[in-house]
Amino acid sequence: MSLASTSPAATPSTQRAGLQLAGLQCGACAGLIEQAVRAVDGAAACCVNAATHAASVAWDPARTTLDALVGAIRRAGYDAAPDTPASARALRRRESRAALWRLFVAGFCMMQVMMLATPHYVARPGELASDVKQLLDWGAWVLTLPVLWWSAAPFFQGAWRSLRSGRIGADIPVALGIAVTFVASTGAAFDPGGPFGHEVYFDSLTMFVTFLLGGRWLQMKARHRAAEALDGALGALPDTALRLAADGSSERVAREALRPGDRVQVALGEAFAADGELLQGRTQADESLLSGEARPVDKPAGATLVAGSLNIGAPVVMRVERTGADTRHERIVAQMHAALAGRPSAADAAQRWAAPFLWCVLLLAAGAGAVWSVVDPSRALWVAVSVLIVTCPCALSLAAPAAFVAAARGLARRGVLLQRLDALQVLARVDTVFLDKTGTLTQEQPHCSAVRLLAGAHGSEAELLHRAASLARWSRHPLSQAVAGLAPQDGIAWSEVAEHTGRGLSARDSDGVEWRLGAADWVGAEPSADDVLRLWFGRADHALLCLEFDEQLRGDAVDAMTALGQAGWRRVLLSGDTPQRVASIARRVGADAAIGAADPAAKQAAVQREQAMGRCVAMVGDGINDAPVLAQADVSFAMGHGALVARSNADLVVVSNRLGGLEDARDMARRTVRVVRQNLAWSALYNAACIPLALAGLLPPWAAGLGMALSSLLVIANSLRLAR
């Protein structure tokens with residue numbers, strides 16, 4: 001869902017900015033931040049995505065400032081920084097360091113508490129002396145203090161923020177369950193004969209905190225990898241450029257100092273710093289970072305140049321037309337930020353259902369305590385504690401994360417890296433998949449599909465092909481490399497080898513005869529009117545051999561596309577290449593539809609159209625040009641060899657580069673959904689059986705704690721089946 005569909009439209013006088021957030025723990029946190037920002041006088045809109053911890057804010061500069069909005073977020077108990085590389089990196093470092101320390105303290109103390117609790121579980125009746133048990137309980141109490149004070153602090157902070165704002169979030173019952181369990185266990189540890197009894201639950205408490213922190217840490221690392229890839233994408237632009245003055249002098253200036261109309265000299269191997277027009281020279285540009293196509297693009301005088309593309313032909317002079325945020329490169333990055341900042345409707349629905357459920361849990365515990373305070377005041381506290389422990393959402397909280405983590409391990413064994421755990425739930429509902437062409441369905445290097453001996457040629461086809469391959473080895477052009485692999489080394493001695501930008505290669509053999517390999521007019525052949533990619537080889541102005549090239553499908557492309565079709569997915573090929581080539585590949589792989597000549601904005605619009613019709617869309621890509629549409633799709637795949645920004649922003653990365661990984665992920669997603677439903681059903685059955693017992697006073701706290709631990713272990717054991 002795009003940002004425009006989730007936040008109010010800003011007036012022309014407002015300003016917009018992106019923010020990176022820290023400290024969000026659940027979907028309710030997004031609502032708290034939006035509420036805090038909108039309370040600031042002059043704030044026009046705020047949209048928070050709890051999954052990516054990104055926000056988009058709009059404000060009236062005459063009434064407030066961005067600093068005031070950030071201050072409101074921090075006063076609400078969260079952290080925020082402008083979505084710039086330096087500020088965002090500092091925020092991520094602080095968040096990552098604190099989260100890792102909390103997880104380490106919880107995990108370390110949990111292991112020690114489990115060791116101290118083991119004698120109580122394995123000893124036979126009467127075998128463990130009461131004074132020894134009390135000493136072990138005291139030790140567990142001491143080890144639980146750091147977990148309660150440091151590791152569990154985010155739960156208590158989140159609960160306090162929810163209460164202070166008058167909203168309810170998932171942290172409230174978690175914090176309440178932790179607090180009550182600790183208080184009750186503390187009373188039992190220091191006064192075994194008192195009103196709290198003699199059973200302690202420090203092991204369950206520390207295990208619960210560790211599991212929750214571990215799941216949150218995994219999600220945080222996935223978000224950070226995506227954000228770091230965004231920062232790296234900006235590195236495609238050079239920091240400086242060589243600007244030419246009217247008198248012919250030159251000066252090295254910062255990229256930000258360039259203005260439309262400036263003339264800039266771009267060296268061989270340097271990236272273009274702005275969008276513009278080629279004034280002097282002829283070259284080739286590698287635009288694969290932006291277009292996804294590996295083939296170099298010829299750039300004669302007057303051609304359009306794109307910021308971020310690489311000059312791989314010859315030094316040239318360009319005229320700047322667009323700089324900064326107006327360039328195509330930075331528009332792609334901006335589109336990706338907007339897609340990531342939008343909050344999907346599923347998050348709003350989950351947030352609406354969460355509050356009633358949590359209110360029921362809290363009211364049930366309070367009601368039980370109130371009733372028993374009349375029936376039997378001596379048992380009121382323990383009944384309330386039992387109800388809180390039974391209804392503590394431990395198994396419920398682990399039902400989905402445990403299955404997703406196990407599924408992630410299972411997919412990793414199959415060469416698929418799961419980067420967003422809850423993406424599997426969405427993947428199970430996918431009915432449409434968009435696939436990029438180059439690098440996804442086809443190999444990056446073209447394949448020589450035909451070799452034709454031309455009329456009037458002297459010598460055999462094999463002899464001429466050997467000569468062409470020998471000459472091609474002098475070039476790094478993708479087509480030349482494809483020709484070079486057609487024949488073994490033959491020892492031909494070439495002299496005066498030269499590569500002519502946009503034309504081809506020329507060289508002389510030992511007899512002084514000039515040979516050429518390249519375009520039709522360069523070698524002396526009639527250009528073709530069709531869309532087939534060709535190279536010609538022969539003597540100067542006399543073509544002897546024609547080589548035709550075709551894109552080579554990946555070995556498993558047809559099988560993978562067939563399997564996806566049999567699974568009921570609608571398969572659409574989406575590429576920036578010419579419509580004719582895209583349609584040809586679509587026919588070969590059996591795709592249902594094909595869209596060619598699509599830039600990043602067109603790709604994103606195509607996905608939005610499908611989503612508007614109610615379809616659940618998956619996207620498979622490999623380049624930075626695919627990053628906005630990967631973020632827009634309901635679930636996204638990136639190939640392992642693709643651009644870093646695409647891999648980091650995808651929900652799943654096919655590190656094995658096997659298209660069969662899509663089928664593996666689809667099957668795993670459906671299995672995961674089944675396991676999650678089983679876990680939820682067990683949690684519901686456990687609560688349905690134990691809550692009445694606790695309310696009736698028939699379930700003591702130690703039994704409630706044991707049931708909570710066993711239900712969690714059952715959920716984990718059931719989930720581990722997915723890891724196989």
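Visitor: What is E663 in contact with once its neighbours within four places in sequence are left aside?
Guide: That would be A563 and L564, where contact means heavy atoms within 4.5 Å. A quick word on the ground rules: this is a predicted model, with local features needing pLDDT of at least 70 and side-chain atom pairs counting only at pLDDT 80 or more, while totals for chains, interfaces and linings use all residues. Residues are numbered from 1 along each chain as its sequence is written, and side-chain values use heavy atoms, leaving out hydrogens and water.

Visitor: What makes the E663 and R666 side chains a polar contact?
Guide: The pair sits at 2.8 Å. The rule asks for N or O atoms within 3.5 Å; within protein, one must be able to donate a hydrogen and the other to accept it, and residues adjacent in sequence count only if both atoms are side-chain atoms. The E663–R666 pair therefore qualifies.

Visitor: And L116, why does that one get its accessibility label?
Guide: L116 has a relative accessible area of 26%, so it is partly exposed. L116 belongs to helix α3, residues 85–122. Not counting residues up to four places away in sequence, L116 touches L136, G139, A140 and L143.

Visitor: How do you know how many disulfides there are?
Guide: The structure holds zero. A disulfide needs a pair of cysteine sulfur atoms within 2.5 Å. Take C448: its closest cysteine sulfur, in C546, is 9.0 Å away, which is too far for a bond. C448 is also buried, because its relative accessibility is 13%.

Visitor: What makes a set of residues a nonpolar core?
Guide: Members are buried Ala, Val, Leu, Ile, Met, Phe, Trp, Tyr and Cys residues joined through side-chain atoms within 4.5 Å. The largest one has 45 residues, with L427 and F637 touching the most other members. Apart from it lies another core, of 24 residues, including A17, V40, A72 and A76.

Visitor: Which residues in helix α2 are buried?
Guide: In α2, residues 66–75, the buried ones are L66, L69, V70, G71, A72 and I73. After α2 comes G77, with a positive phi near 105 degrees.

Note on methods: Helix = DSSP H or I, 4+ residues; strand = E, 2+ residues; numbered from the N terminus. Buried < 20%, exposed > 50% of the residue type's maximum accessible area, 1.4 Å probe, protein only.
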